[in-house]
Amino acid sequence: MSILFQGRATGATAVKQNLWNRFVMFWVHHVRQAITSLGEIWLTPASSLLTVAVLGVSLTLPVTLHLMVKNLQQVSSSIDQAAQISLFLKADTNETQIAELIALLQANPEVADVQFIDKGQALAEFTAESGFGEAFSYIEDNPLPHVMLVSPKNTSSLAASALLDALKQERYVELAKLDIGWLERLDAIVSLVRQVAMAVALLLMIAVLLVVGNTIRLMILTKKDEIEVMKLVGATNSYIQRPFLYTGIWLGFFGGILTFLIEELLLWWLKHAIRGVTQLYESSFSLQPMSLAELGYLLLVAISLGFFGSLLAVRRNISQIEATGL
């Protein structure tokens, strides 16, 4: 009985060791082939650099458009006064009603700030700025109404328009105005640039797939004899295809790094021109660079394009080599 149990224990241990060894060897083979693929790129620097340059430049345009949309959204969200709603109160509104309306507006979750301008203060400011001080001295009654300036929390044109429609219904409000024409134009420009960025990104991604696929195809053709020999000695398709797939991944990775470097150089160059404009308009606007999360997404997209481009080339060309070899 002891011999039987000892045999079972030994068999279980052998199975566990085999599973562990397979797991370790799986990753060892992958790391080895990834390093070998990197060496193959180093052995063909001219074609590899050309492919990486095409990938980097192709991805630069959609990334630039994305950053343009990002900074335009920053401009539209940083301007609070542009979406300010002016509420002109009725002439017979008293102080109690004004305080009631202010409290009601401050309790509104869609309102960020409320400023009250007394009609006497408004008349004094208008008299000083308009240059008609002597003419207003002949007017006995103040013709200007009380005004409330309401700043929405959401300064987009749609949200500001919705808040404007709601505030028009207040019983103490005679007239409500909001100049959102330019905000609507800015939103339209941002939407247009976003759509253009998506269309350009799609077209250039297809171009990147074709470039990577063509590069891998040429590499496969140069190793045609080697692949045929490997097939004769029993190498599996996955073993043959894996180095080429890693080559596509490396090309995509280096292309993403090149895109990031080009983008940083463009931003550095544009910052000097934008600084002069912002100083003229006394603005604190500054270009927002690519964040770490955006860099991660860029590398992920570039690596994915390199992988799928090489996968398409590998599947097609190796199957053709098998057909001709037979």
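1. The structure holds 4 aromatic pairs. Rings of Phe, Tyr and Trp (its six-membered ring) pair if their centres lie within 6.5 Å; planes under 30 degrees apart count as stacked, over 60 as edge-to-face and the rest as tilted. One of the pairs is F253 with F254, which is edge-to-face at 5.5 Å centre to centre and 65° between the planes. The pair F307 and F308 is edge-to-face because the ring planes stand at 75°, with the centres 5.3 Å apart.

2. This is a predicted model, in which local features need pLDDT of at least 70 and side-chain atom pairs count only at pLDDT 80 or more, while totals for chains, interfaces and linings use all residues. Residues are numbered from 1 along each chain as its sequence is written, and side-chain values use heavy atoms, with hydrogens and water left out.

3. On accessibility, buried means under 20% relative accessible area, exposed over 50%, and partly exposed in between (1.4 Å probe, protein chains only). F253 is partly exposed at 29%, and F254 is partly exposed at 30%. F307 has 28% and is partly exposed; F308, at 46%, is also partly exposed. Ring pairs also link W250, F253 and F254 into a cluster.

4. How many salt bridges does the structure hold? There are 2 (a side-chain nitrogen of Lys or Arg within 4 Å of a carboxyl oxygen of Asp or Glu). E294 and K70 form one of them, at 3.2 Å from N to O. E294 lies in helix α10 (residues 292-325) and K70 in helix α2 (residues 45-78), so this pair ties together parts that are 224 residues apart in sequence. Helices (H or I, at least four residues) and strands (E, at least two) are DSSP runs, numbered from the N terminus. E294 counts as buried at 18%, whereas K70 is partly exposed at 22%.

5. R171 and E100 also form a salt bridge, their closest N and O atoms being 3.2 Å apart. R171 lies in the loop between α6 (157-167) and β4 (173-177), and E100 in helix α3 (residues 95-106), so the pair ties together parts 71 residues apart in sequence. R171 is exposed at 54%; E100 is partly exposed at 40%.

6. In strand β3 (residues 147-152), 6 of its 6 residues are buried. V147, L149 and S151 lie on one side, and M148, V150 and P152 on the other. Strand β1 (residues 85-89) runs antiparallel to β3, joined by 4 bridges, and strand β2 (residues 111-117) pairs with β3 in the antiparallel sense over 6 bridges. Two strands pair if DSSP finds at least two bridges between them. S86 stands opposite L149, and V111 opposite P152.
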